[in-house]
Amino acid sequence: MAALQTTLPAITLVSDPTLAGLRAWGVLLRGAEHPSPATFVVTDGKITFRRLLEAGGDWPTYAELAPAL
C-alpha cells in the first residue's frame, strides 16, 4: 500500500485490519470477521461516498467517485 500511496499523494489510503474503523463508522458487514474490500471518500470529516464490496472486482469507477471528490 505504501507504493500506491506515493503515486497518489493527494489521497490518503488507509487499511483497517482490526475492523476498528468499520465498527466506529457503523458499516461493518454483518458476520464479518475480516476486513472486506470497501471504498470511502471522506471530505471534511464526513463520508461523502461509500461502497462496501461483497463481490470481487466490484470497485467503483472514477465516474462514480468524481462527484464525491
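Good morning. Leucine 8 sits in the loop between α1 (2-7) and α2 (20-25), where helices (H or I, at least four residues) and strands (E, at least two) are DSSP runs numbered from the N terminus. The model is predicted: local features need pLDDT of at least 70, side-chain atom pairs count only at pLDDT 80 or more, and totals for chains, interfaces and linings use all residues. Residues are numbered from 1 along each chain as its sequence is written, and side-chain values use heavy atoms, with hydrogens and water left out.

Leucine 8 is partly exposed, at a relative accessible area of 32%; that class lies between buried, under 20%, and exposed, over 50%, with a 1.4 Å probe and protein chains only.

The largest pocket holds about 940 Å³ of space. Its lining has 26 residues, and those closest to the centre are Thr12, Val14, Ala38, Thr39 and Phe40. A pocket here is an open set of points on a 1 Å grid over the protein atoms alone, with protein on both sides within 12 Å along at least five of seven lines; a cavity is a set where a 1.4 Å probe fits but cannot get out, and lining residues have an atom within 4 Å of a point. Volumes are the space filled by probe spheres set on the points, which are joined across faces, edges and corners.

β1 (38-43), α2 and α3 (62-65) each supply at least two lining residues of this pocket, and β1 gives the most, with five.

Finally, the largest cavity contains about 40 Å³ of space. Among the residues lining this cavity are Leu22, His34 and Leu52.
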